[in-house]
Amino acid sequence: MSGFHASQCGFCTPGMCMSIFTSLANADKSKKPQPQKGFSKLTVSEAEKAFSGNMCRCTGYRPIVDACKSFASDVDLEDLGLNVFWKKVKVVVANTSSGVKGYKDQDLYNKYIDIGDIPELSAICKKDGGIEIGAATPISKTIEILEQEAGSKSSPNGSVVFRKLAEHMSKVATPFVRNTASIGGNIILAQKYPFPSDIVTILLGAASTVRLQVYSETLEVTLEEFLEQPPSDPSTLLLSIFIPHWASDSQKESKVIFETYRAAPRPLGNAVSYINSAMLGHVSQKSCGDLVLSNLHMAFGAYGTEHAIRATKVEQHLNGEVLTPSVVLDAVRLLRETIVPMEGTSHAEYRISVAVAFLFSFLSPFAKGIKGPGKTASIGYASSSDTDDPCNLPLSSRRDTVSSDDHKPVGEPIKKYAVELQASGEAVYVDDIPAPKNCLYGEFIYSTQPLAYVKNIKFKPSLASEKVLTVVSAKDIPSGGQNIGSSFMFGDEPLFGSPVAEYAGQALGVVIAETQRYANLAGKQVVVEYDTKDLKPPILTVEQAVQNNSYFEVPPGKYPKQVGDFSKGMAEADHKILSTEVKLASQYYFYMETQTALAIPDEDNTIVVYSSSQYPELAQSVIARCLGIPFSNVRVITRRVGGGFGGKAFRSYTVATAAALCAFKLRRPVRMYLNRSTDMIMIGGRHPIKAYYTVGFKSNGRITALHLDILINAGISPDASPLMPDTMMSGLKKYNWGALSFDIKVCKTNNTSKSVMRAPGDTQGSFIAEAIIEHVASVLKLDANTVRQKNFHTYDSLVQFYPESAGEASTYTLHSIFNRLLTTSSYLHRAESIKHFNNCNKWRKRGISCAPLIFKVAPRPAPGRVSVLNDGSIVVEVGGIEVGQGLWTKVQQMTVFALGQLWPDGSEYLLDRAITDNVNLSSSAYWVPGQESSTYLNYGAAISEVEIDVLTGAITLLRSDLVYDCGKSLNPAVDLGQIEGSFIQGIGFFINEEHETNADGLVVSDSTWVYKIPSVDTIPKQFNVEVLNTGYHKNRVLSSKASGEPAVVLAASVHCAVREAIRAARKEFGSSELTFQLDVPAPMTHVKEMCGLDIVDKYLESLSAHQSRAAA
């Protein structure tokens, strides 16, 4: 009664309870069928009459009726009136679907009802025909049960199916998701929505059934039938899943075969499949020796379909047939008719092609005359593992560093400062700072249109909308303040789009609520009214920018200098490649800590802002200008940053300034911690680039002239984009092009501003250089390394291309580095081994390639201060932020070394004397690089080897070897970590990370669901890094060199190796186009397209034609 609010004055309540109890007792004595546990035999109609003789004046009876009906066996829970007060209720087991793109909560719920602890929903029942698993059973527990059953002597028949199901489920999501997510929740999600579930597909392939409760009725239906039903409503409860044993038939001498497949951006999970499949049946041998299949179940899912399906036409075609090339070809054609992705599905043709590849892989071991991919389906009772699968190779590495004793403890590999705090979770980041009293929280409202007037902002009627306290926008900027959210030497960027939103993703205002969750969900309820009247069409592409002459000016002093006479160089050339295009897309920063700030208003019109920023001094100026107060009234504090890569430089100011404005207006602390989606949509990333090159070269591979036309998409504001031409050309000049000319345009478009990101410009320029080298090598049919080395700089040409940075001849180490790398990596031997591998393997191909590095570094002026306190402890202040690069560690080492030089015998007595004599024990300096040390060059090289699956496009990075000149490393352990981390981030840019937008320029790769950075299963299986100690150099700080950015460039070696593997595949299948461009990034979908989407069909057609000719 209490739970239904069925008692008010309470005087009649005992009598009501007695009447209800009597009705329940009488019903249970009847001969009606036994109801589900937890319910009575009482019916709803009987419940409504249970207390017809009782009177109540207060309640109006409805809650009392609901209380009685809650015991009824045929009750509809939605009809009980619970939602009168709980307007929105969500029934969950673990609620992991809230992390799935497209299924995240869009609004608040009054109540969450967790049914995970209901014992009946987690029961495991072993039966003669199979095993029944409760729907609330966690996926990890399901895997454990299946593995136990697969190895159990009591159920030998189910071992093949159970083992493969367990193996496949272990690739779903992540361990911590599998530990909480239920198998039933996964199935329900796939039944109600077009959710790309691996679990549903493999269970469908295993001919599973499900048990449902619909009101008081219990139903058992096949999983296929359940998926075909209309989306389940709250009256339907999934109770359990039954997975049958599949026994080999000794009488018919048939054995069970079962295999599951998935094509996903990551091989070991935490990535949604582009397509998945499971195929089951029996294989038997005819008297003539031919193999035939029967009882086939072939399931396919995740290809852009409402739910997983069975390919029944394919099954019917294959059952009982001897598998010849023509039979398999007909099955492939039937499958192409069956797998039809919904309109708007990304990579639709790829998904169809991989479905064909899965079918081909399953059938080829049993077919006559077909050379399959070598993956054997699980047959009978034998255990099998894909030992030839490169994904199963263990990880290994070799790290070679040289410590220096010249300036101890500088040069020693001491552990990173505060690493214990980080490992224990005690390190305090901005969001870890305890919320001050009366703290409010903000979330951006951003535009979804690229160029439009903002006419009105309102909220949908919802629970989340009710939590909105206010909205802060441009109209709330104080008098004397400016609408500014970011600034650099080339110009400012507005904080809010007002009155015109200039690009999709631009901030329009900030929603303020009492918690971050309330603010985030309220932001999803926003409805913005736009008007495009009298506005020109937006400029979204670099081609449109060229048509509209929309550019940012590059100051003459920042524009790079051309080298030599291009016309003369072209006249010397034996061969020419004219106006060839190469494209590089953007890359998101993907720091682990998203943009965040905490602003606290203080006395006398001052404000304190804690910001996760790489440049707090510039954040201070932007905040002060926005609020219209002196710079001295703004204090910006940054203790540490949870990853930056350039994204916490100029792009962090918007968040810090917005939080400051809200706090300044409301006179209360305001915290903003962007969710990942908002961060990805608003913050920007690496510059997309389109380039066209014309190159002339000799027959021996020596290049005589190169001209480039480059279009850089800078987005809406200049930010640091005018620096890009110089850094791009710096990366590209690593080769001696003979003569080099270029025309570089920095395009202004209606997109999010692009900004600096680890090795900005150098990464793109260096890749373009490698694309040209490989194109020349392909045309001449020469080894690409031969062409590379033919065009390495001599010291004289190095000075010509890098006149201000080349340094002395003794510092030019690229030749020795490259030769050392070729030797230590056994390059020539491996290149021959790869040729042999490619000759012996039709469906897998390998490639190997190299990339040299010349990276110009320009140290910046920086302040520093050292203070010795009265107890002898030391405070050091530097003009830099710890973002994970080990800055504080190196500062500690330098401080100990420098003070040790001053006081080699210790400072105990000196300190006492200094205090007595009132000596100033604090000293500050502002270091400015001299002319000789204003720039210098870093050198390095990398060799990478990859293997691609021609059927799916999957890429396995087998090995990478790096040799890097770090000068005299200040800390070889820190530098080694920086080199490795930047190289892996580079792999993400060149291979994995697809940064996509819609037709309006709005980022749609806005979550981990669709944007895939490298993970532990996509890094090199063998990763060898050697950090060279190249000795003393007077013009660098203790002879050291930078390590954090340059190695990104070396990851181009992986992209080039993938190109070589694709070339081998195209050669295998008779493509005449062995010279081709491979854009950046090159994910598995693109690799498959470049290898051919119809290669299986063509292969089978050729075999069928040969078979027909032989029969004739």
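Aromatic rings and their labels

Analyst: Phe 488, Phe 490, Tyr 615, Phe 650 and Tyr 653 make up one aromatic cluster. The model is a predicted one, in which local features need pLDDT of at least 70 and side-chain atom pairs count only at pLDDT 80 or more, while totals for chains, interfaces and linings use all residues. Residues are numbered from 1 along each chain as its sequence is written, and side-chain values use heavy atoms, with hydrogens and water left out.

User: How many aromatic pairs does the structure hold?

Analyst: There are 27 aromatic pairs, where rings of Phe, Tyr and Trp (its six-membered ring) pair if their centres lie within 6.5 Å, and planes under 30 degrees apart count as stacked, over 60 as edge-to-face and the rest as tilted.

User: What makes the pair of Tyr 274 and Tyr 350 edge-to-face?

Analyst: The centres of Tyr 274 and Tyr 350 are 5.4 Å apart and their planes stand at 80 degrees; an angle over 60 counts as edge-to-face, so that label applies.

User: Why is Tyr 350 called buried?

Analyst: Its relative accessible area is 0%, and buried means under 20%, exposed over 50% and partly exposed in between (1.4 Å probe, protein chains only), so Tyr 350 is buried. Tyr 274, at 9% relative accessibility, also counts as buried.

User: Why is the pair of Phe 590 and Tyr 1011 called stacked?

Analyst: Their ring centres lie 6.2 Å apart with the planes at 5 degrees, so the pair is stacked. Phe 590 is buried at 10% relative accessibility, and Tyr 1011 is buried with a relative accessible area of 1%.
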